There are 2 protein chains.
Amino acid sequence: MVKRDVIQLITPGTMVDDRPNHAKTNNYLTSVVLTSAGYGLGYADLATGEIETTHLVDFDSTFNELLSLRTKEVVWSGALTDQQKDYFAKANIIISKPFKPEQPSSETSFVTQNLTNEEERLSTSQLIDYLVATQKRSLAHLQIAKTYEPSSYLQMSHVVKQNLELLNSNKTQKKAGSLYWLLDQTKTAMGGRLLKQWIDRPLIRKQDVVARQEMVEALLDDYFTRESVLDALAGVYDLERLTGRIAFGSVNGRELLQLARSLKQVPLILATLRQSQSKTLLDFASQLDPMQNVAELITTALVDDPPVSTTDGGLIRPGYNDQLDRYVDVMTNGKRWVAELEAKEREQTGINTLKIGFNKVFGYYIEVTNANKANVPEERYQRKQTLTNAERYITPELKEHEHLILEAENKSTDLEHELFVKLRDQIKQYIPQLQKLGQEIATLDVLADFAVLAEKNQYTKPTINEKDQNIQIVNGRHPVVEQVLAKRDYIPNDVLMDESSNIFLITGPNMSGKSTYMRQLALIVVMAQIGSFIPAETAKLPIFDQIFTRIGAADDLISGQSTFMVEMNEANQALMHATKKSLVIFDEIGRGTATYDGMALAGAIIKYLHNNIHAKTMFATHYHELTMLDQTLTHLKNVHVGATEKNGELIFLHKVLPGAADESYGIHVAKLAGLPQPVLAEATTMLHQLEQDQHSASTKNTE
Amino acid sequence: MVKRDVIQLITPGTMVDDRPNHAKTNNYLTSVVLTSAGYGLGYADLATGEIETTHLVDFDSTFNELLSLRTKEVVWSGALTDQQKDYFAKANIIISKPFKPEQPSSETSFVTQNLTNEEERLSTSQLIDYLVATQKRSLAHLQIAKTYEPSSYLQMSHVVKQNLELLNSNKTQKKAGSLYWLLDQTKTAMGGRLLKQWIDRPLIRKQDVVARQEMVEALLDDYFTRESVLDALAGVYDLERLTGRIAFGSVNGRELLQLARSLKQVPLILATLRQSQSKTLLDFASQLDPMQNVAELITTALVDDPPVSTTDGGLIRPGYNDQLDRYVDVMTNGKRWVAELEAKEREQTGINTLKIGFNKVFGYYIEVTNANKANVPEERYQRKQTLTNAERYITPELKEHEHLILEAENKSTDLEHELFVKLRDQIKQYIPQLQKLGQEIATLDVLADFAVLAEKNQYTKPTINEKDQNIQIVNGRHPVVEQVLAKRDYIPNDVLMDESSNIFLITGPNMSGKSTYMRQLALIVVMAQIGSFIPAETAKLPIFDQIFTRIGAADDLISGQSTFMVEMNEANQALMHATKKSLVIFDEIGRGTATYDGMALAGAIIKYLHNNIHAKTMFATHYHELTMLDQTLTHLKNVHVGATEKNGELIFLHKVLPGAADESYGIHVAKLAGLPQPVLAEATTMLHQLEQDQHSASTKNTE
């Protein structure tokens, strides 16, 4: 019996998925520790070696961060309540126990070297221990852990990111229809992953945003530079994942050549950037290390088209190793000798159809058809096999050369594998530099992508304004909706908000475009703060610190959760945490309860936002009565979406206009739908009565 | 070159899908003609041979019928507007042009023999022509076309059926979660299809409903009869589709045996039913023709486990045909002779390892290992093949017997196929009887299914009341939701409606169970009118002629359709077509527009239903203000769903209670969600103000 040791444990968080359509997605293994001071959270992508860590104050923010990382597995030390376990189960996150390796790995001890915070150090160590204990293979590509603070980025809860459809469409839970889907025309898988990370964590420092904008602008302004860069990027493979495979020892000859070919693109990129007039591009170029020595190592050693297998020979270029060349010589000469033997035997026997063949069972043999069997020199030839219409023979001389040829083949295959492993280990020394280069190329890829989109979709550079929180978007568009609609059908809208209009109260019927208008603002803010240009004619934007949303979800009959409780919880997040610098998007607050009840809550929430928070707020509502709040709340402004009638159908103009919406839209549609006349008459009478009551009530209120 | 004629055209409507998980679904090819008198509609399921036809007045009702049939292809003669074409495209229905066969088929001329209506005759002829022209094979299983009137059934538009989730869940568009999913525990594919047809077309004549109920009751009351019937049904294959395959000539031996085995179950069923005390079951038994002659025919002819192929022999039972038996004799004798030859040759040559083998290239041969080659009688043996370690020989005697054996094999295979085809053609004569038997077994299957469900889920028999339209359901349950929830968590509810409470106005927050309560009533009505027992303690129900619904759909951002227009159109259907005998379910009418506007429309629609239609109506609303209508509308009754607080969470009691809902639910939840105190205080003040205004307004109204 052969004893089988466990070679490697594959868990959801440590699975390296090499399928091409998964290349643009990070798979993060996460690790959480809980101390008296709070939570430590570390995460790693085993495929790329990237490791980051942070510390958080409570379970909710930790869980939210885990959701944002879309982790499939968390290594969790410490207790969990049943409710918390339930959250993880619903989010499809597997909880794994910490797992220590039998002996600590010296190879990974550097990972935590820069960590000073106790929670961060503990969670990262726990993460590394788990990786070492489960992987049982080289992890030389793990990078030094970086720390980050969620509050150093534009903060959005996981729910907000979902509501805004940043990475997935709400409807399908797929990429199509999301902001990421729109923005991702990156050329490399590395760029795709980096773009996703940027969308997850937009910037909040003006100079960081401006630095990205400058690169985008330089690439946008210089058509030839941009096109050359894009061409070169298209030839770059996934350096980050290739370095992972080099570390694991699972890389093959073809992949090493992919690495070499990718590296050969870097001088092209450098040359292009250096020809540019832009200081930004020149600066970027100056930090790129082309690493041509590594490319050289590979192309010198390997043939142009090596096989997938690294153990069956055919990998190493002639001239690379003397001993190998000698083996090849023996093989080549041996085969030439065999060919010459065939000619000689034909001549000697007079059998023109005599031929020498090879198969795996008998080795080399001489084959003679039955018709010529009489001419075979029986004394020299030894019969080996009878076929229906031919006989096969061997000779001692033939077998002797066969032995020489096969021995050389065996030895050369072994030597090739040996040389290949040596080459791989040599390149392993360059992993940190390769990873740095990969990051730089990914950055260039995303910024070039932004430039391409800016040109293709006519995006403009927003001016970032730190003086006040005023918003000035002229003819802004919803970036995703404008792509899905034919572009000429899309009606752009301004967003002009200053101190006097902190709150936009938006009225109008369903489907008229209220939601699109609000989402449009949020998406433009996210795009601006990741450094992208934006869908607008001109724009001046402040930096936002947080985005809050409350956007209606579809009712769910059977799940039975109180959606109104969810609604109130989401609204409360904004009331508790929003600042003057935040953006609040509230769609139809109060709809889940009775009319006056919901109306009263909506009104009270608006007043609180208005008087206490001063955040920029868009508040869409069916409660037409709330439009009278503009008489008492000086920073609130009514807007509505216009509509008109055409050929017996009501057409939404999708144009946001000042003032409150017309209140008799519904009765108008009912008439177009052909409802009986008595119903229409009755409804009109009732509406007038209600309006009159409301008017007298509000007059009373202001008395 | 071989000239290839078109053998058969496969179109979406003529595809026979034999995969087991499609067996419970009919695939209907439909055909429509338009004359000055209106529309004729015919449909056929090619797999089962079932054909029905009807005539309709306009495009909308025709299109609705096509949707209900879930047809994938309609043969349409006459013009279509672009908009109509668009409807078909959106519904994934392919429009095919009529297609006449080169010569009319006499085999199918009987199909239309009973049709008197011109449109029905034309559409059915067009359907048959299309089938004959595309199929180019026997269609002997097509049944005589039956006519039906949509108004002879409980009428529901396709949208209503969707809203009520009769066949598919709205969320997933799959069977799971639908009424059909709940009810379908049928044992046979025929039963599954029939149940689907019943759900699509519930009955409207009391005696028809009662007839089904009696069977269900008889089966429910007699445990042993029910279990024996179920056991027997489990052994019944799809008779309808088997007859289709017999007609097509594509049936194989295994399938014929399935038919025989299915038929063998019929005497078991008969015996069981005849032992029962129930006159209903005895009557049912008396019409069943067990068709044992067909079963006999098959089992006499075929072996117990025939191969799939019908051309390679091994099908026919020994003793069935003399000539075949003789061939088999020759084969058997020949093989015995060969076995004896082996023994004889071993003795003669003294080679103990000598053996006789057979392969397809050389036929029979004698094999001798190299070690024994010296002992071979070279004069008798003729060398045929040399292997590495053995030689193979033949003798003239061996070849002669080989010839006899192979010839007998060939002839017997041909004869077996001939006998099989004869058998198949013989059974083809019984197709109409087999189809009738299939229908009867399907009926028994569904009714036994109802009995099983009644016992398992504690359903009761509703009393059908034709005197008035009063509803008396005591402790009714939503059949699907109660299964999805653990049963003990389900709170049953009464529905007690008479003349004085034609309209239930239901108030209460989202997710409290308003929709479940309304859907529960609709599903109980459908279940009762298909003859099933229902989830209630006791129930007395009238017969409804139509069901109308307006149930909110999820908003769709990008499709951009005016949902409010859809809402008004659906509401208008009820206002136009509902009668005193109809059921109307309106959920949140008016939500798609501004508050007062929607409120006025909802109020006017209620008044119209109340004063002009008198249909039994459930109307759920957030417009708390509408609850005051009970002061002026004498047939309207307020009900609400109760709620209570527990451990800081608001718990819905799911109990429907008389009177209007509490209006401060929302503020209560907001408090539990922890909204800031000033927000709660402000909301409470505003709510009081609104209520006060409303009160003074309504006082004014009634003055």
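This is a predicted model: local features need pLDDT of at least 70, side-chain atom pairs count only at pLDDT 80 or more; totals for chains, interfaces and linings use all residues.
Residues are numbered from 1 along each chain as its sequence is written, chains are lettered from A and ligands numbered from 1 in the order in which they are written, and side-chain values use heavy atoms, with hydrogens and water left out.

Let us begin with chain A as a whole. Chain A holds 21 helices and 20 strands; helices (H or I, at least four residues) and strands (E, at least two) are DSSP runs, numbered from the N terminus. Its radius of gyration is 35 Å, well over the 27 Å that the globule rule gives for 703 residues, so chain A is more spread out than a compact globule. That radius is taken over C-alpha atoms, and the globule rule is 2.2 Å times the number of residues to the power 0.38. Along the principal axes, the C-alpha atoms of chain A fill a box of roughly 130 × 65 × 60 Å. Of its 703 residues, 54% count as buried, where buried means under 20% relative accessible area, exposed over 50%, and partly exposed in between (1.4 Å probe, protein chains only). Among contacts (heavy atoms within 4.5 Å) in chain A between residues at least 6 apart in sequence, 70% join residues at least 24 apart.

Now zoom in on a pair of helices. Two packed helices are described by the angle between their axes and the distance between the axes. In chain A, the axes of helix 10 (residues 253–275) and helix 15 (residues 431–456) come within 12 Å and cross at roughly 55 degrees. Axes here are lines fitted to C-alpha atoms, for helices over the stretch in contact, with angles running from 0 to 180 degrees between N-to-C directions. Helix 10 of chain A and helix 15 of chain A are therefore oblique to each other; angles under 35 degrees count as roughly parallel, over 145 as roughly antiparallel, 65 to 115 as roughly perpendicular and the rest as oblique.

Which residues of helix 10 and helix 15 of chain A meet? From helix 10 come A:L259, A:L263, A:V266 and A:I269, and from helix 15 come A:L434, A:L437, A:I441 and A:L444. The residues of this contact divide into eight nonpolar, no polar and no charged. Ala, Val, Leu, Ile, Met, Phe, Trp, Tyr, Cys and Pro count as nonpolar, Asp, Glu, Lys and Arg as charged, and the others, Gly among them, as polar.

B:N572 sits in helix 18 (residues 563–577) of chain B and, at 8% relative accessibility, counts as buried. Leaving aside residues up to four places away in sequence, B:N572 touches A:A673, A:G674, A:L675 and A:P676.

Finally, look at the backbone of B:E165, which has a positive phi of about 55 degrees although it is not a glycine.
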